Amino acid sequence: MARRVAGGQGGTAARAPGPKAARRPEVRLPALEPYGGAELEPDGDYDGLEFRDQDFAGQDGGGARFMDCALTGCALDETRLHRARVLDSVLTGIRGVGTDLAESTLRDVEVVDARLGGVQLHGSVLERVLVRGGKIDYLNLRKARLKDVVFEGCVLVEPDFGGARLERVEFVDCVLKGADLTGATLTDVDLRAAAALDIARGVDRLAGAVISTAQLLDLAPVMAAALGVRVDGGLEGD
């Protein structure tokens, strides 16, 4: 089973007020059995297995449960994992386009060096999840619930958080390009350590987030447009 550790620094040294730190997962897997290589099954039950370099393209594992598992180098192109449950598991080097994880549950999960595009996670629940490294294009998290989630050292191209609820979510050395926050609710979201922050829509939903002074200046034109403020430099030099 996974063991969890609280986020944040130890000790009693004072620090500036900030958002509550996300609790990161710390997954310690038991001895795993190699997966036999059969196709995924809808509502399948996978416990204590190692999936290595498996090609699950186009397969249907909707409603399946993955518990104490390691998926390494697996292909998930158009794989159907709708309403799957991924618990206490590590996913390393997974790749694929159009993976369907809508309405799924990811709890105590580490996703490392993923290369994914068009992943459907709308309506899903992510709790104590670490996404480290890799690149994910067009990540669909509409109306999802994220709690204690850390995006670290990864690239997110046009992620869609429309209508999602984010609580204790951190972006560390993470590049966000064209993020959509339309209708999102943010609580204790820390964007200060993001390597790049580009919000295409929903900048008005940043209440509940913390950004740096430099990020505020970068976002000023988008914020002005959202408020209907016209910036006119015509008086310069008068």
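In the predicted model, Arg65 has Arg85 of strand β8 as its bridge partner. Strands here are DSSP runs of E with at least two residues, numbered from the N terminus. Strand β6 (residues 65-67) pairs with β8 in the parallel sense over three bridges, where pairing requires that DSSP finds at least two bridges between the two strands. Strand β7 (residues 70-72) also runs parallel to β8, to which three bridges join it, and Leu71 stands opposite Leu91 in β8. Strand β10 (residues 105-117) and β8 form a parallel pairing of seven bridges, with Arg107 in β10 as the bridge partner of Leu87. Of the eight residues of β8 (residues 85-92), six are buried (under 20% relative accessible area, computed with a 1.4 Å probe on protein chains only).

In soluble globular proteins, nonpolar side chains tend to be buried together. When residues up to four places away in sequence are not counted, the contacts of Tyr46 (heavy atoms within 4.5 Å) include Tyr35, Leu40, Phe51, Ala64, Arg65, Phe66 and Met67.

Residues are numbered from 1 along each chain as its sequence is written, and side-chain values use heavy atoms, with hydrogens and water left out. As the model is predicted, local features need pLDDT of at least 70 and side-chain atom pairs count only at pLDDT 80 or more, whereas totals for chains, interfaces and linings use all residues.

Conventions. Buried means under 20% relative accessible area, exposed over 50%, partly exposed in between (1.4 Å probe, protein chains only). Helices (H or I, at least four residues) and strands (E, at least two) are DSSP runs, numbered from the N terminus.
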